Amino acid sequence: MSISHIQERLRSILPTGEIINQLSHKEAIRLEKCTGSLASFLAAEIARKAKNMVLIFPDEETAQFFAGDLEVLGVQNVHFFPDSNNKPYQDVNINDSATLVQRAEVLDAVVQNDRNVLVAGAAALCEKVISPEAFSSSAITLDKGAEIEMEELRLKLVESGYSEVSFVDHPGEMAVRGGIFDIYPYSGDYPVRLEFFGDEIASIRHFDADSQRSISFLDTVRIVPNTSAFSSTNREPLLSYFPADTVCFLFDSTLGESNIDDQFTKANAVYDAVIQQHSRKKADDESLVPPPPTELYLDSKKFREFTDTKAQIYLGEMAPQNVDFSLELNVGGKPQPEFNASLKLLDSNIKENSKIGITTFILCDNSGQKERLEELLGDPGDEMDYHLSIETLHEGFLLESEGLALYTDHQIFNRYHRPKTRKRKYTGGISFKELKDLNVGDFVVHVDYGIGKFMGFNKIKVKDTVQEVVMLQYQQDSVLYVNVSSLFKIQKYSGKDGHQPRVTKLGSGEWARKKASAKRKVKDIARELIQLYAKRKASKAHSFPPDNYMQTEMEASFIYEETPDQLQAIND
């Protein structure tokens, strides 16, 4: 039975309708014993009814896990807003480009979508961000076929916090080479290449920053600003992006407000030290004096002023005492029991649940765990009423009154549950980092022309267009110009230390013969391998007994989550 079936069952159990009725009047509600991922199911149901939601947690890790739960439960437009992790006044700008990109993408999504579910830690929400008006006016939408002067676009990007470089390698960089305008936006996975014909944008495409290889062609692209590059006068709380009918979920809000005040106190202490230092130096330049903490951060009182204007749902044991709740509900949930990786305790618990009419659902992080648990627990039945499913949530829970227990295998075996993160793909060829590390005279290999020497960068004119190229030198001082869009065809030469390779002669067919010879050798090796595997398959081998109970239990209790490659190796 899948999570969707559990959702359907909980939909008729949870007091969603009663809560929605109270929220329409911007009332404050308190929910008790809404523990573990039971809170995720409830929030998912309310998210389908409410137009906008902000879920606030005392710490960032819990917020990240909850955002993962909501995505698993099918909630649309879930945005996790990370903390900048900047110490007060250490640096106005965010140094981690991944964090900067994620924050910019969230702000852009909230600005453009009518319905949003924002998940964040209290520390992230108490930092003021670029105002919605400044963000919207600084974002640039570029369409294929539109006309804009390249210099005008360059100046707009400089105003939005972008810096000009020779080649874009990180978010926030731009590069202009002839009629090509490269931009690495603060959103999306890849940089963007604009090709101009005069003032007209002839083409827009995503490309890989390392190999310079095109990935996809676009009709339009949106360039968002550097959200940390704006002055304090253009900063507002993130909650100002959300309308008045937004629902605020507050988890352990007393602890969250305490963390907010701690950060505000630290900011005040650092600010006072900076002001004293400025006074001792008798500096006249007021621009060197940073803005006061009230322009950069919220304290708990100001933070409460923003949440009080919206409907609120308080969860957790640490709800504030000075809030008048119009509705208090006991959901009746209990946390998942502690099993400490003991299959004996789990087996006993499932049997006890079955006796009193409770069905146990166990979510397994992968197929390997599911197969192990099936073998260890045996077939389900009246005495062992349980179901296994390859799905994942952060925490399990127990609803005794409704005959439902939902457990997670990572809690059963005390394994750390890692929320899924987005990864960028590498498409091959030489990377710009490797290219920058090359010295003139280093050997490189071009897939079509063979081994040559790297002679640096140059600009050449082709059909009245200036192009940036890489120069490769071959025998008899022949020079090959490789456009930066074809860098995926170049690789750094790797051979024995101290070995000087023979440079290829262009136009001689030497490189084509070497490639053909290499292909023949590969075919010979493949033929030998096929013969070897055929002999292995025909030979008789010793048959080992299957894994026993103790080995399966040991594998199931492994504290780390296997990688896909490890799982494949185990299955093989």
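Q: Does E257 count as buried or exposed, given its relative accessibility?
A: In this predicted model, a residue is called buried when its relative accessible area is under 20%. E257 has 13% relative accessibility and therefore counts as buried. R304 is likewise buried, with a relative accessible area of 14%.

Q: Which side chain does R304 meet in a salt bridge?
A: A salt bridge requires a side-chain nitrogen of Lys or Arg within 4 Å of a carboxyl oxygen of Asp or Glu. The side chain of R304 meets that of E257, at 2.8 Å from N to O. This pair links distant parts of the chain: R304 belongs to helix 10 (residues 300-307) and E257 to helix 9 (residues 253-281), 47 residues apart.

Q: How many salt bridges does the structure hold?
A: The structure holds 22 salt bridges. One of them joins E152 and K156, whose closest N and O atoms are 3.7 Å apart.

Q: Why are E152 and K156 separated by about one helical turn?
A: Both residues lie in helix 8 (residues 150-159), and they are separated by about one helical turn because they are four residues apart. E152 counts as partly exposed at 35% relative accessibility, and K156 also counts as partly exposed, at 34%.

Q: With which residue does K334 form a salt bridge?
A: K334 forms a salt bridge with E400, and their closest N and O atoms are 3.3 Å apart. Here too the pair links distant parts of the chain, 66 residues apart: K334 is in strand 18 (residues 334-335), while E400 is in the loop between strand 21 (397-399) and strand 22 (404-408). K334 counts as partly exposed at 39% relative accessibility, and E400 is partly exposed, with a relative accessible area of 41%.

Q: Which residues gather in a patch of negative charge on the surface?
A: Asp and Glu count as negative. The patch on the surface brings together E147, E149, D199 and E200. Among them, D199 is found in the loop between strand 10 (192-197) and strand 11 (200-207). D199 has a relative accessible area of 37%, so this residue is partly exposed.

Q: What separates the C-alpha atoms of L100 and S187?
A: The two residues are 87 residues apart along the chain, yet their C-alpha atoms are separated by 9.1 Å. L100 is placed in helix 5 (residues 97-112) and is buried, with a relative accessible area of 5%.

Note on methods. Residues are numbered from 1 along each chain as its sequence is written. This is a predicted model: local features need pLDDT of at least 70, side-chain atom pairs count only at pLDDT 80 or more; totals for chains, interfaces and linings use all residues. Side-chain values use heavy atoms; hydrogens and water are left out. Patches are made of residues with over 30% relative accessible area and no salt bridge: like charges are joined within 9 Å, nonpolar side chains (Val, Leu, Ile, Met, Phe, Trp, Tyr) within 5 Å. Accessible areas come from the Shrake-Rupley method with a 1.4 Å probe; for residues, only the protein chains shown count as cover. The place of a charge is taken as NZ of Lys, CZ of Arg, CG of Asp or CD of Glu. Helices (H or I, at least four residues) and strands (E, at least two) are DSSP runs, numbered from the N terminus. Buried means under 20% relative accessible area, exposed over 50%, partly exposed in between (1.4 Å probe, protein chains only).
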